[in-house]
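Hi,

Here is the structure I promised to pass on. Have a look at it first, and my notes on cavities and aromatic rings follow below.

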Amino acid sequence: MSIKQLWEGADSNSWMTRLDGRSKLCILFSVAILAITIDNPRTLFLLFSGTLLLHFAAKTSIYKWQVFALLLLLGLWGSMVSQALFFAQTPRTPLVMLISPDFPLLGTLTNGLFIYQEGILYGAIQGLRSSIMLSLGLLICWNSDPRQLLKALVAWHLSPQVAFMLVTALRFLPVLASETGEVITALRLRSNSKIDRQSTWRHLPYVVNPLLARCLRRAQTLALSVVSRGFFLTSNKKTYDWPQKELIMCSIIVLVVVLTVSSKIVYLASEQGYYVGALRYIYDWTKLYL
Amino acid sequence: MSTNMLSIKDVSYCYTGRKISTLKNISLNIHKQEMILIAGRTGCGKSTLIKIINGLLLGNGGGKFTGEVTSKGFNILTLTPEEMGLLVGTVYQSPDDQLFAMTVEDEVGFVLENHGVDNEIIKKDVKETLNRVGLSGFEKRSIHALSGGQRQRLALASVLINKPQILILDEPVSQMNPAGVREFLDLLKELNEEDGITIIVVEHRVHELAKYFPRLIMMYEGEIIYDGDINAAWSKVGDEIKYGLREPQNVKLCRNLALSNLTSKTDEVINLIKNECFVDTAKCNSILEKRERKVVLEAKGLSYCYPGAHSNTLNDINFTLYQGETVALMGYNGAGKSTMFNLIAGLTDLTAGKLRLLGGKVTDNAHKLGFLRQDPDLMLLADTVTKEIYWHNKNLDDAKIIELMKHLDLADKAEDFPLALSKGQRLRVVLAALLARQPKLLLLDEPTTGQDQQSLLDIKNIIRAYTAKEGTVFFCTHDVELAAEIADRVFLMGEGKLIAQGTPQEVLTNKDLLLAGGLSIPPMLKISEGINIAQCVTVEEVSRHVHKAIMGRSR
């Protein structure tokens with residue numbers, strides 16, 4: 001599988017692909033709100049696991065899993081390690097001392113370098129949040145037709161021009177991925193030494209110009225093509241029914257999100273002194289799970 | 001043929017921020033069921049004219065428009081671009097850039113969905129349209145799983161379903177091999193004859209398309225310099241190099257032999273030669289010059305299999321390239337030509353076999369060759385032409401660079417932004433950057449694709465000058481005429497194998513080989529057979545056997 005194929009949508013047979021664009025976007029927005037609202041690492045982990053299960057159900061290919069795993073590891077571990085090392089809030093519990101404060105120069109400069117327990121936990125929470133969004137974002141990206149999302153946005157009365165601009169980015173992902181590889185190859189071919197000819201990283205700073213020029217040209221052609229095929233024609237546009245089952249599913253998800261956000265708000269209000277005794281079960285539940 | 005579909009009267013168009021109008025006082029009438037070919041040099045205003053015809057520049061194009069465009073008596077300025085889409089359908093140059101959906105049926109049905117057509121009707125129309133363009137059964141296929149030719153047909157179907165009365169295609173066959181070009185043009189002709197659609201094609205490959213299009217519109221610097229019968233065009237605008245019209249070989253031969261009529265039709269040329277010339281039927285075999293030459297590249301038992309593929313893309317390839325020669329690599333799209341170039345350039349590793357470049361391993365010497373990829377735009381990265389040439393070439397001799405820029409006609413563009421230059425100029429900038437390093441071997445992957453006649457001549461001259469200085473050129477092309485003219489040898493590929501290698505006279509005169517390689521039969525071969533002389537592939541070869549019988553005829 002090439003880098004281009006990685007970003008191409010799956011075949012139309014997948015159930016995830018067949019979902020209405022509105023359902024996909026509704027799930028994405030809802031989970032995004034949940035990921036921001038929830039602070040409990042276990043609940044966040046459950047939410048993250050849920051998105052992984054969706055990947056399994058959508059039969060994400062092994063190659064895509066590999067790429068996904070790499071991105072996850074980079075995000076999750078990067079976040080945990082950086083927070084563990086540089087956690088600035090108090091209280092903080094040092095687990096391991098990497099550089100003693102007495103160590104010449106470095107110790108004096110940094111006041112010592114430690115791995116903090118609270119930093120690991122905070123990093124894990126932030127990492128899980130970004131992993132949830134990465135997981136769901138990739139799932140939708142790999143299983144969506146740009147046209148489908150465009151219809152969804154337009155059905156929600158977003159201006160067709162703005163909707164088109166938003167979705168064009170998705171349409172160009174496979175092209176952009178493949179052309180980045182092409183540009184790097186071309187730059188390697190422009191090199192006149194054996195080392196430069198074999199290196200990829202050395203050429204990365206130069207990929208922007210040719211890529212940008214190509215993208216502008218391509219975007220213009222695509223815009224001309226969809227305009228002349230009547231995309232911005234509003235008078236005759238049909239309204240598409242949201243499939244009943246999907247609508248019910250989305251309503252439940254939205255309800256869960258509203259309840260979660262509401263309980264979080266009342267919990268935070270209680271911490272500020274606005275305590276209502278009748279809501280103590282909600283406070284307990286929120287403290288335990290959210 | 002007489003019903004007027006679209007009338008353009010005295011139209012001029014000047015883009016915002018430009019001082020000179022891109023279109024100047026254009027007037028033309030487009031009739032029902034016409035087949036029109038629009039040609040002209042890069043930047044002459046063809047694309048702007050297309051946008052005028054399909055209404056995308058009218059009213060809200062952002063520039064200054066004057067004149068009148070009417071269809072059946074009413075001013076099309078009153079139509080929205082979407083409504084214009086019902087009158088005119090446009091297929092752009094690269095199908096990849098205009099396809100939007102994920103599956104074939106969704107792509108084709110897109111326009112009808114936008115017009116609020118019922119689902120059942122959309123399904124029926126999609127099926128019919130796909131059947132029409134030869135993509136029946138591809139409904140559920142991902143658009144990414146289609147070949148280049150199939151994607152071009154899909155782009156056509158996505159416009160055709162709207163039943164436009166005029167169909168415009170911008171360089172639709174520029175990347176196709178001759179067999180693909182023939183199939184696609186046959187399809188267009190069928191649509192024109194059976195469905196009555198007016199077809200307008202913008203293309204540089206006039207020499208190949210001439211027989212399909214009775215009417216030619218030639219543009220030059222924003223003006224129409226010729227509009228009429230394509231066969232009459234050769235005598236009126238054909239010999240002016242500045243117009244960039246690429247004549248069919250038959251016309252070139254007529255011109256070369258000073259025949260009484262310039263025609264692209266093979267039978268007519270044969271009759272003219274028989275009636276007006278003396279034909280020397282003595283067969284003399286061309287003698288291949290044998291010289292002791294240094295080996296530049298040697299391939300033995302070369303095989304390559306893409307990771308995850310079930311069969312080899314290249315199979316047991318053997319050949320040798322010598323210093324100072326020009327070799328053309330030809331064959332079907334997907335025959336393995338680009339893969340071979342990637343192996344030579346060290347971009348991929350061999351699966352089996354041996355490849356020796358400049359006497360050593362490819363990994364050690366790949367940086368000593370110059371490789372022009374199919375899309376030279378991707379190789380441009382600097383802000384000025386001068387910086388582009390000096391990029392990674394800091395130790396170059398300034399005097400040599402100035403000479404090189406003069407030679408490639410880039411001296412006055414030294415401070416220009418490379419990506420803002422014309423297509424031919426962009427190609428020359430990349431070539432200059434490659435040549436500045438004085439490579440021993442130059443790999444050119446389809447260097448003439450989408451280039452106008454002037455750029456084609458420039459490329460030929462660059463190749464000749466480079467090989468004269470003992471450089472070796474290995475180039476990939478579908479252009480039989482180009483290969484016959486400049487190649488010392490031709491390699492023909494088919495299904496991952498080298499099915500023939502020899503002089504152009506040996507390879508390009510073998511009809512079975514040409515068929516196997518997806519190439520067209522050179523017109524000069526038909527002519528040479530028709531007048532019973534030794535088999536020829538170039539105009540010069542035929543001219544050696546044919547002499548003017550009547551002295552003193554003016555050209």
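By cavity I mean a set of grid points where a 1.4 Å probe fits but cannot get out, and its volume is the space filled by probe spheres set on those points. Keep in mind that this is a predicted model.

With that in hand, the largest cavity comes out at about 230 Å³. The search of the whole structure turned up four cavities of 30 Å³ or more. Lining the largest cavity are 20 residues, and B:R205, B:R246, B:T448, B:T449 and B:D479 are the closest to its centre. Two elements of chain B, α8 (206-209) and α17 (453-468), each give two or more residues to that lining. Sorted by class, the lining has 10 polar, seven charged and three nonpolar residues.

Now the aromatics. Over all chains there are 15 aromatic pairs. Take A:Y275 and A:Y283: the ring centres are 5.1 Å apart and the planes sit at 40°, so this pair is tilted. A:Y275 is exposed, at 51% relative accessible area, whereas A:Y283 is buried at 6%.

In chain B, B:F341 and B:F371 make an edge-to-face pair, with 5.9 Å between centres and 80° between planes. B:F341 belongs to helix α12 (residues 337-344) and B:F371 to strand β17 (residues 369-372), so the pair ties together parts that are 30 residues apart in sequence.

Cheers

Note on methods
Residues numbered from 1 in each chain as written. Chains lettered and ligands numbered in written order. Predicted model: local features only at pLDDT ≥ 70, side-chain atom pairs only at ≥ 80, totals over all residues. Heavy atoms only, no water. Phe/Tyr/Trp six-rings, centres within 6.5 Å; stacked < 30°, edge-to-face > 60°. Buried < 20%, exposed > 50% of the residue type's maximum accessible area, 1.4 Å probe, protein only. Helix = DSSP H or I, 4+ residues; strand = E, 2+ residues; numbered from the N terminus. 1 Å grid on protein atoms, 1.4 Å probe; cavity = no way out; pocket = protein on both sides within 12 Å on 5 of 7 lines; lining within 4 Å. Nonpolar A, V, L, I, M, F, W, Y, C, P; charged D, E, K, R; others polar.
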